[in-house]
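Student: I should like to learn how to read a protein model. Could we go through one together, feature by feature?

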Amino acid sequence: MGEVPEDFGLNDQYGKEFRLSQTKGKRVLLSFHPLAWTPACKGQMLSLEEHSAEFGNLNTVAVGISVDSLQSKRAWVENIGIQKTRLLADFWPHGKVAQQFGIFREKNGISERANILLDESHRMVFFRLYPIHSVPDIREVLAVIGSLDATGKM
């Protein structure tokens with residue numbers, strides 16, 4: 001905890017670049033999911049979408065990240081009804097951001113299921129891995145965010 005990750009840029013489902021450094025002053029939830037088009041990943045991303053207003057009220061940018069291609073992401077969000085949440089394609093170089101956080105499953109070519117929370121200075125303040133076939137409890141993440149004071153400490 002407390003580490004500041006290296007800046008990265010990934011394209012979202014519409015080809016618009018998300019750059020970590022452009023979110024300074026905001027908390028950032030990096031919600032990694034293994035692959036689009038799976039029930040658990042759908043549940044995880046829909047939970048981000050359903051709580052987007054709460055994230056905004058907590059000065060938090062929540063993004064989903066997986067190794068899927070941009071085209072797959074675009075088709076998937078249209079299929080499941082995601083409209084407000086950016087889903088980032090960690091496609092090429094394959095899994096580079098997941099590797100940066102030490103959660104890339106080399107053998108499978110996917111990331112672990114994980115939530116990583118960065119404070120306003122982008123220091124890591126929360127890191128949790130979840131069973132690969134489970135849907136993380138978004139209330140846990142919201143509670144952690146809500147417990148942070150202005151300095152980012154719980």
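Tutor: Let us begin with the surface. Accessible areas come from the Shrake-Rupley method with a 1.4 Å probe, and for residues only the protein chains shown count as cover. Here the accessible surface of the chain comes to about 7,400 Å², and 53% of that belongs to carbon and sulfur atoms. Please note that this is a predicted model, in which local features need pLDDT of at least 70, side-chain atom pairs count only at pLDDT 80 or more, and totals for chains, interfaces and linings use all residues. Residues are numbered from 1 along each chain as its sequence is written, and side-chain values use heavy atoms, with hydrogens and water left out.

Student: What share of the 154 residues is buried?

Tutor: Buried means under 20% relative accessible area, exposed over 50%, and partly exposed in between (1.4 Å probe, protein chains only). In this chain, buried residues make up 52% of the 154 residues.

Student: Which radius of gyration would a compact globule of 154 residues have, and which does the chain have?

Tutor: The radius is taken over C-alpha atoms, and the globule rule is 2.2 Å times the number of residues to the power 0.38. For 154 residues the rule gives a value near 15 Å; the chain has 14 Å, which agrees. Its C-alpha trace spans about 40 × 30 × 30 Å along the principal axes.

Student: How many helices and strands are there in the chain?

Tutor: Helices (H or I, at least four residues) and strands (E, at least two) are DSSP runs, numbered from the N terminus. The chain contains 5 helices and 9 strands, in the order β-β-β-α-α-β-α-β-α-β-β-β-β-α from the N terminus on.

Student: What should helix H1 span?

Tutor: The expected span is 1.5 Å times one less than the number of residues. For the 12 residues of H1 (residues 39–50) this gives 16 Å, and the end C-alpha atoms are 16 Å apart, which agrees. Several residues of H1 are buried, including Ala40, Cys41 and Leu48.

Student: Is Ser66 buried or exposed?

Tutor: Ser66, in strand S4 (residues 60–66), is buried, because its relative accessible area is 1%. Contact means heavy atoms within 4.5 Å. Not counting residues up to four places away in sequence, Ser66 touches His33, Pro34, Ala36, Lys73, Leu88, Ala89 and Asp90.

Student: What does Ser72 touch?

Tutor: Ser72, in helix H3 (residues 70–80), touches Ala36 and Trp37, not counting residues up to four places away in sequence. Ser72 is buried, with a relative accessible area of 18%.
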